[in-house]
Amino acid sequence: MLDRIPFGPILVILALLSAVSFPALVIMGYLLSQGWVSVPAHVLWSIPITLLCIFTHAIIMFYFIGTGSRIKEVVKELKLDVQLYRRTLPFKAKVFPLSMLTMSLIMASAILGGGAHTHFPWTPPWLHGLLAVAAAICNVVLALREIGCISENLTLVDEVDLAVLAATR
């Protein structure tokens, strides 16, 4: 029954949550620099939001790997039009490079944040802030790209399902 779980919409919700929460965290970091928010409050929110963003993008990457692999198998088994599989490739090309960059920026920002907020001399707060802003921008762009590709992928999966039904009748 796992094929009936609506993974696509769940991933869209996670991507939207990521796109909203990380920029909010960056704004919270700015408010911290102005003295309006405490370090413990910022750290309290930064850990779960960082994990949410990284896990969301990683899960979405595996979603595209999994659906592409399954479509490839079905196309090969039932001798369906190979274009059905080839249409999965642009999703990975659009998402994977930016996903790796975004996750790297988020991780670097979090690591440098640990140093900046403990006043470690080699991790200046401005560098943490700069990486956080870059990560937030990439995160929003990536989330929008992921949502578009998930939508197109769901349409493709429906087309593959129809082709399977036609081939097995």
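Helices here are DSSP runs of H or I with at least four residues, and strands are E runs of at least two, both numbered from the N terminus. The model is predicted, so local features need pLDDT of at least 70 and side-chain atom pairs count only at pLDDT 80 or more, while totals for chains, interfaces and linings use all residues. Residues are numbered from 1 along each chain as its sequence is written, and side-chain values use heavy atoms, with hydrogens and water left out.

Helix H5 covers residues 125–167, and Ile-147 lies in it. Contact means heavy atoms within 4.5 Å. Apart from neighbours within four places in sequence, Ile-147 is in contact with Val-12, Ala-15 and Leu-16. Val-43 is 104 residues from Ile-147 along the chain, and the C-alpha atoms of the two are separated by 28 Å.

Ser-99 is found in helix H4. Burial is judged by relative accessible area with a 1.4 Å probe, using protein chains only: under 20% is buried, over 50% is exposed, and in between is partly exposed. Ser-99 counts as buried, at 0% relative accessibility. With neighbours within four places in sequence left aside, the contacts of Ser-99 are His-57, Met-61, Leu-142 and Glu-146.

Next come the aromatic rings. Rings of Phe, Tyr and Trp (its six-membered ring) pair if their centres lie within 6.5 Å; planes under 30 degrees apart are stacked, those over 60 are edge-to-face, and the rest are tilted. By this rule there are three aromatic pairs. One of them joins Phe-64 and Phe-91, a tilted pair at 5.9 Å centre to centre with 35° between the planes. Phe-64 lies in helix H2 (residues 39–78) and Phe-91 in helix H4 (residues 89–117), so this pair ties together parts that are 27 residues apart in sequence. Phe-64 is buried at 1% relative accessible area, and Phe-91 is buried at 4%. Phe-120 and Trp-122 form an edge-to-face pair, 5.6 Å centre to centre and with 85° between the planes. Here Phe-120 is partly exposed, at 43% relative accessibility, and Trp-122 is exposed, at 71%. Ring pairs also link Tyr-63, Phe-64 and Phe-91 into a cluster.

Rolling a probe the size of a water molecule over the atoms shows where empty space is left. On a 1 Å grid over the protein atoms alone, a pocket is an open set of points with protein on both sides within 12 Å along at least five of seven lines, whereas a cavity is a set where a 1.4 Å probe fits but cannot get out; lining residues have an atom within 4 Å of a point. Grid points are joined across faces, edges and corners, and a volume is the space filled by probe spheres set on the points. The second largest pocket has a volume of about 580 Å³. Its lining has 27 residues, and Gly-29, His-42, Gly-113, His-117 and His-128 lie nearest its centre. Helix H1 (7–33), H2, H4 and H5 are the elements that give two or more residues to this lining.

What of the cysteines? A disulfide is a pair of cysteine sulfur atoms within 2.5 Å, and a search of the whole structure finds zero disulfides. The sulfur of Cys-53 is 12 Å from the closest cysteine sulfur, in Cys-138, which is too far for a bond. For Cys-149 the closest cysteine sulfur is also in Cys-138, at 16 Å, again too far. Cys-53 is buried at 0% relative accessibility, and Cys-149 is buried at 2%.
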